[in-house]
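Me: I have a model open and would like to learn how to read it feature by feature. Could you walk me through it?

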Amino acid sequence: MNTLFDKIWDAHVVQQVEDGPTQLYIDRLYCHEVTSPQAFAGLRARGIKCFRPEKIYCMPDHNTPTHDQDKPIEDPISKTQVDTLAKNAEDFGLTHFGMLHDKNGIIHVVGPERGLTLPGMTIVCGDSHTSTHGAMGAVAFGIGTSEVEMVMASQCILQTRPKTMRITVDGKLGKGVTAKDLALYMMSKMTTSGATGYFVEYAGEAVRSLTMEGRLTLCNLSIEMGARGGMVAPDEVTFEYIKGREYAPQGEAWNKALAYWKTLKSDENATFDKEVRFDAADIEPMITYGTNPGMGMGITQHIPTTEGMGEAAKASFLKSMDYMGFKPGEGVLGKKIDYVFLGACTNGRIEDFRAFTSLVKGRKKAEHVVAWLVPGSWMVDAQIREEGLDKVLEEAGFAIRQPGCSACLAMNDDKVPAGKYAVSTSNRNFEGRQGPGSRTLLASPLVAAAAAVTGVITDPRELI
Ligand SMILES: CC(C)[C@H](C(=O)O)[C@@H](O)C(=O)O
Ligand code: SF4
C-alpha cells in the first residue's frame with residue numbers, strides 16, 4: 001500500500017546509504033540565474049562537465065526587467081547575473097531560454113506549460129517554489145546551490161526521505177474563491193511551519209475540481225507552510241493539459257506514458273504520516289494582513305487581537321502590525337491601496353489573467369493605483385493577446401509588462417516604495433520583500449482586480 005509520493009520516490013532510488021540519505025535519480029534540473037553561478041564555478045574548479053546536459057534547462061527570470069528587454073539591462077548586478085547564466089549554459093552545452101527567447105519566462109511557469117514537467121518525474125531547481133511542479137504529479141522540490149552542483153555532476157542527489165502528509169479538502173469552493181484562497185486559508189490554519197518535514201499530497205473534491213493552473217498555484221504555496229513539496233495525483237485534467245505540448249511525449253510514447261501515469265495515485269489503504277482535513281465551504285476570498293504568508297484571513301474578517309498570545313508571539317505580532325501600519329482587531333475592507341501586482345509563479349498564468357480581466361472588464365483602473373500586470377512567460381503573453389484580453393485590459397486602463405519575476409521580489413526594477421500598500425498575487429509578504437519598507441497584502445487575482453478598480457480593499461464577490 002503505497003502513497004503517490006512513495007511510488008515516484010521508490011522508482012528513482014539508485015541506492016540507499018545505510019543509516020544515511022537516499023541517492024535519488026533526478027529527471028529534470030531547472031536552473032535560473034540566482035542560484036546557479038557557484039554550481040557552475042564548482043564544476044569548473046573540479047574540471048568536470050554536466051553528466052546529462054540534456055536533462056537540464058536554464059532560463060533567467062529573477063533579474064530580468066519587465067520592460068525594454070530588447071535593450072541592455074541597466075542594473076549592473078542584474079546584467080551580470082543574466083549574462084553569466086547565458087555564458088555558463090553555452091560553455092556546458094545546456095538548453096538556455098534567454099531573455100526575449102519565445103520560451104523564456106518564470107521557470108515554474110515555463111516547465112509545465114511546455115510539457116517539460118511531467119507526471120512521475122523527479123524535478124529539482126535551486127529555488128524553493130519548485131514545489132509548483134508537483135501539481136502535475138511529480139516529486140519536485142527546491143535545493144541549495146551545492147546540491148545544484150551535485151545534480152549537474154551526477155544527475156543524482158542525496159536526500160533524506162521526508163514524511164508524508166495528506167491534506168484533503170472536501171466540498172466545493174464558493175463563488176469568487178480560488179486556488180489561491182484555498183492555499184492562503186490552509187496556511188492561516190497550519191501556520192508557516194505546519195508542514196515542516198513533510199511532503200504533502202493534496203486530495204479531495206475541492207482539489208480534484210481545480211484546473212491545472214489552480215493546482216499549480218496550490219502546490220506553489222506548499223513551501224510557505226514549510227513543506228518539502230506538494231503534489232496532486234495526475235488525472236484527466238492533467239493529461240488533457242499535457243497532451244500536445246511541445247516537450248510532451250507523442251504517438252506511441254504518449255500511450256506508453258499515459259498508461260504509466262494512470263498508475264500514479266495513492267493506493268486506497270495507503271497510510272500517511274499525517275492526515276489533515278478542511279472543508280471548502282469554510283473558505284472565503286482571503287487576504288494577508290501581516291508579514292508572513294500564514295497571517296491571512298477571510299477578506300471580511302478582522303485582524304486578530306493580542307488576546308491570549310504569549311509574550312514572544314505578541315511582540316512579533318505587534319512588530320508586524322507596526323510594519324504594516326495596521327491595528328490589531330481592525331478590518332481591512334475599504335483600506336486604500338497603492339499598488340497592484342498580478343503575476344509571479346503563483347498567479348502569472350493565463351487563467352489568472354482571465355480572472356483578473358473578467359472582473360475589470362467594463363470598469364476603469366482607480367487613478368491613484370499603479371498596476372503591474374506581468375505574464376509568467378511569453379507563452380502566457382501570446383495567449384493573452386490571442387484571446388484579446390490585452391484589449392479589454394487596455395480599455396480599463398491597464399498595460400501588460402514583459403515576463404519575469406517582477407515585483408514578487410525586489411531583484412529587478414519593479415519595486416514597491418517604502419510605506420506603500422501592494423495587493424499582490426505573489427507568495428511572500430516578508431518585510432521588504434517587494435522593496436525596502438513595502439507593505440504586501442497577498443491575495444488572489446480576483447481580489448487584486450477588485451482593489452485595482454476600486455482603489456481600496458474590496459470583496460470581489462460584490463463585483464462579480
Ligand atoms: C532567488 C530564489 C533562491 C528564491 C527562492 O528560492 O524561492 C526566490 O525565487 C524567492 O521566491 O524567494
Ligand atoms: S516569481 Fe517570485 S516566488 Fe516565483 S521564482 Fe520568482 S521570485 Fe521566486
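Reply: Gladly! Let's begin with domains: their bounds come from an automatic or database domain assignment. Here the chain is divided into domain 1 (4–162 + 248–258), domain 2 (164–234 + 266–282) and domain 3 (286–462). The C-alpha centres of domain 2 and domain 3 lie 22 Å apart.

Me: Before we go on, what kind of model is this, and how are things numbered?

Reply: This is a predicted model, in which local features need pLDDT of at least 70 and side-chain atom pairs count only at pLDDT 80 or more, while totals for chains, interfaces and linings use all residues. Residues are numbered from 1 along each chain as its sequence is written, and chains are lettered from A and ligands numbered from 1 in the order in which they are written.

Me: How many residues of domain 2 are in contact with domain 3?

Reply: Two residues are in contact if their C-beta atoms, placed from the backbone, lie within 7 Å. By that rule, 18 residues of domain 2 touch 20 residues of domain 3. On the domain 2 side, the elements giving two or more residues are α6 (179–190) and α8 (212–220). The largest share, six residues, comes from α6.

Me: Now the ligands. Which residues come nearest to ligand 2?

Reply: A residue is near a molecule if its C-beta atom, placed from the backbone, lies within 6 Å of it. There are 13 residues around ligand 2, and Ala344, Cys345, Cys405, Cys408 and Leu409 come nearest. By class, this shell holds six nonpolar, five polar and two charged residues. Domain 1 and domain 3 both contribute residues to it, so ligand 2 lies between them.

Me: And which residues surround ligand 1?

Reply: Around ligand 1 you will find Val34, Thr35, His62, Asp127, Ser128, His129, Gly142 and Leu409. That shell has two nonpolar, five polar and one charged residues.

Me: Which residues does UniProt list for "binding site"?

Reply: A word on such records: UniProt positions are given in the numbering used here, feature names are shortened, and annotations may be inferred rather than shown by experiment. The unreviewed UniProt entry lists Cys345, Cys405 and Cys408 under "binding site". They span 64 residues in sequence, yet no two of their C-alpha atoms are more than 8.8 Å apart, so they gather at one spot.

Me: Is Cys345 buried or exposed?

Reply: Count C-beta atoms, placed from the backbone: a residue is buried if 20 or more others lie within 10 Å of its own, exposed if 12 or fewer, and partly exposed in between. Cys345 has 28 within 10 Å, so it is buried. Cys345 sits in helix α12 (residues 344–347). Leaving aside neighbours within four places in sequence, the contacts of Cys345 include His108, His129 and Asn220.

Me: Where does Cys408 lie?

Reply: Cys408 is in the loop between α15 (389–395) and β17 (421–424). With 29 C-beta neighbours inside 10 Å, Cys408 counts as buried. Beyond four places in sequence, Cys408 is in contact with Gly343, Ala344 and Ser426.

Me: What about backbone angles: which phi does Ser406 have?

Reply: Ser406 has a positive phi of about 55°, although it is not a glycine. Ser406 is in the loop between α15 and β17 and is buried, with 33 other C-beta atoms within 10 Å. Asp68 is another non-glycine with positive phi, near 45°. Asp68 lies in the loop between β4 and α3 (76–91) and counts as exposed, with 11 C-beta neighbours inside 10 Å.

Me: Last one: which residues of helix α5 are buried?

Reply: In α5 (residues 145–154), they are Val148, Glu149, Val151 and Met152. Taking directions from the helix axis to the C-beta atoms, they cover an arc of only 165°, which puts them on the same side of α5. The buried residues of α5 pack against β3 (28–31), α2 (37–46), β4 (56–58), β6 (122–125) and β8 (156–159).

Methods
Nonpolar A, V, L, I, M, F, W, Y, C, P; charged D, E, K, R; others polar. Helix = DSSP H or I, 4+ residues; strand = E, 2+ residues; numbered from the N terminus.
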